Amino acid sequence: MTNNGAKQELYHPTDEVKQNAFVKDDQAVREASYADPVKFWEDRANELLDWYEPWDKAMDNSNAPFYKWFVGAKTNIIHNAIDRHLDTQRKNKLAFIWIAEDGHAVSMSYFRLNREVSKFANVLKSMGVKKGDTVTIYMGRTLEQVIAMLATTKIGAIHSVVYGGFSTEALAERIEDARSRVLVTQDGSFHRGKVVNLKEIANEAVRRSGHVEHVVTLRRTGHEVEMVEGRDFWWHELMNLPVANGSCETEVMDAEDPLFILYTSGTTGKPKGVLHTHGGYQVQVATTLQYVFDLNEQDRWWCAADPGWITGHSYIVYGPLILGATSVIYEGAPDYPYPDRWWRIVEEYGVTVLYTAPTAIRGLMRFGEAWVKRHDTSSLRLLGTVGEPINPEAWRWYHEVVGGGRCPIMDTWWQTETGGFMITPMPTTPLKPGSGTKPFAGVIADVVDEEGNPVKPGEEGYLVLQHPWPGMLRTVWGDPERYRQQYWSTFEKQGWYTAGDSARKDDDGYFWIIGRIDDVIKVSGYRLGTAEIESALVAHKAVAEAAVIGVPDEVKGNVIHAFVILTQGIAQPEEAELKQFVRDEIGPIAVPAHIEFVEALPKTRSGKIMRRVLRATAMGEDPGDMSTLAD
Ligand code: WT7
């Protein structure tokens, strides 16, 4: 998408949308906030949340870039997400509607959620988990996954959720880095009717990493799994023990105490543990969800992500619960057993707001609109997307076919690191398909050149965030230097955060995200580091060297193309064998679509792989300036 003019189509909200909007004049709210972002966030912190004790200082920049928010305040996000609803009518409201892949559903009220969370919190305590310890959670999309997260938080421990699509090495590395002594997993998860053997992967990862003392396993698929005596316990057995009673005090935390670690890919092989804290994060997620998706008591909100990613943490779990909303979770694949699965869920459960990724929209669009049309989707009033730029064609299909032309689409730009939406429309913002419109209230962002000067409208530059925000990551777990280097060194003098994305602004000041400028690839919205995949490939005995790049794909956004140099004297393996090897090490999302065996790789004289040249080769284009090429 290369849009730089302001001349393209503009979609204005309907009168109905305007009347219902929580924020009536988003432009005025944005502008008022830009002058004093700290005050904007402080007002929201007072308005939307309860605090055990107030803060002394809303923001502390004395040790930049290690910013602090709501310094001195006492809180626990669980108090706002669950506890405070229990003395109101909301205790009877559905917190979650969980739908299994086979179609059966479980509805859970706030009252019951509190009981389950408290019971599991007591289980964790009985295993010796204390404030400040980490708990790794490696599960499928189950209610228990969410309960495990909330229980960890309730007792002041730190959760590290590892997406259930990752494999052994990826899990082992994350357990190791977080030094978790407790792992929560399940026997298996369902994917298109087949069982993914999570427990087997977990067992192997525990063997490789060697920190874990106890493993709790949820029985979901019921297939035979290996349980290690003294180490392994069944979820359902623990939850029936007398120790697992339904009352548990919520631990009082400092606003800046760690809430969770979430690993994400960066430019080196080792994934980064992005750290979020209790105080600022809750303000960010609650405010953004309320302003952008307008949630009210009537809503049935469906964020169709996985709780294992930041989207799920912020907008399946914490955000909706803080606002006392009803959040829908679906366990399975969008096209299983038929491509109308999602639209059936919208109809059956009366979903009012749907939030998903462009890749899912493009995937469902392929099946044609008849699958949508056979269901009543008139309950929908707002739509959202996240994860990568949305192409105008998919935008229009989402708008017309899914939303019946009535529902504005909130294209929200943000990152694991930002905690919540940063550049986003609100329901009253005039929309341009493919643009996230403008920085959210309290967010100061721009597009600049290498020196930090704002670029002219239509020109490409670095996307920067020029003022701290409450939901920002606080550090990289165990590696503060990497935090400083990665995010704050490019514009160190100015004290700005670099997102790693390039972008443009148009004549109306609308932002257009172009894509990653670092060695990160987005495949189906998943973020993968080239170095991670390369190191998985070179772990195979036949591979001496590897380089991977992303090449554009109509449905997935990008697919992985790998170039491989073989080890001398070893027979060339089948392409399928190498693919399986990557799948076993990292997981299905990292499997290259193409593997090309080559004699040499284009490198600069300093030894850096010239991915630009590889990309041109893979796509049959002119590689451009080759003067820095060594060979
Ligand atoms: C990267 C962050 C935050 C939730 C999911 C992704 C890309 C994200 C958009 C959007 C264009 C987007 C960026 C960003 N991205 N949202 N609306 N339009 N690009 O989180 O895995 O941390 O990835 O996703 O490249 O840097 P993540």
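Where does Phe70 lie? Keep that question for the third stop.

**Before you start**

This is a predicted model, where local features need pLDDT of at least 70, side-chain atom pairs count only at pLDDT 80 or more, and totals for chains, interfaces and linings use all residues. Residues are numbered from 1 along each chain as its sequence is written, and side-chain values use heavy atoms, with hydrogens and water left out.

**Stop 1: the whole chain**

Show the protein chain as a cartoon. You will find 19 helices and 30 strands. Both are DSSP runs numbered from the N terminus: helices are H or I with at least four residues, strands are E with at least two. The radius of gyration is 24 Å, close to the 25 Å that the globule rule gives for 631 residues, so the chain is as compact as a globular protein of that length. That radius is taken over C-alpha atoms, and the globule rule is 2.2 Å times the number of residues to the power 0.38.

Switch to the C-alpha trace. Along its principal axes it spans about 70 × 60 × 60 Å.

**Stop 2: surface and inside**

Now look inside. Of the 631 residues, 60% are buried. Buried means under 20% relative accessible area, exposed means over 50%, and partly exposed is in between (1.4 Å probe, protein chains only).

**Stop 3**

Select Phe70. Phe70 lies in strand S2. Its phi is near 55 degrees, a positive value in a residue other than glycine. Phe70 is buried, at 0% relative accessible area.

Next, select Arg192. You are in the loop between strand S9 (189-191) and strand S10 (194-196). Arg192 is not a glycine, yet its phi is positive, about 50 degrees. Arg192 is partly exposed, at 38%.

Why stop here? Most residues other than glycine have a negative phi, and most peptide bonds are trans.

**Stop 3: two cis peptide bonds**

Select Ala64 and Pro65. The peptide bond from Ala64 to Pro65 is cis, with omega near 0 degrees. Pro65 sits in the loop between strand S1 (57-60) and strand S2 (68-71).

Then go to Tyr336 and Pro337. The bond from Tyr336 to Pro337 is cis too, with omega near -5 degrees. Pro337 is in the loop between strand S17 (326-330) and helix H12 (341-349).

**Stop 4: Pro573 and its contacts**

Select Pro573. This residue is in the loop between strand S29 (557-566) and helix H18 (575-585). Pro573 is buried, with a relative accessible area of 8%. Which residues is Pro573 in contact with, leaving aside its neighbours within four places in sequence? They are His540, Ala542, Leu566, Leu578 and Phe597. Contact means heavy atoms within 4.5 Å.

**Stop 5: two cysteines**

A disulfide is a covalent bond between the sulfur atoms of two cysteines. Here a disulfide is counted when two cysteine sulfur atoms are within 2.5 Å. By this rule the count is zero. Cys303 is in no disulfide, and the nearest cysteine sulfur, that of Cys407, is 17 Å away. That distance is too far for a bond. Both residues are buried: Cys303 has a relative accessible area of 2%, and Cys407 has 0%.
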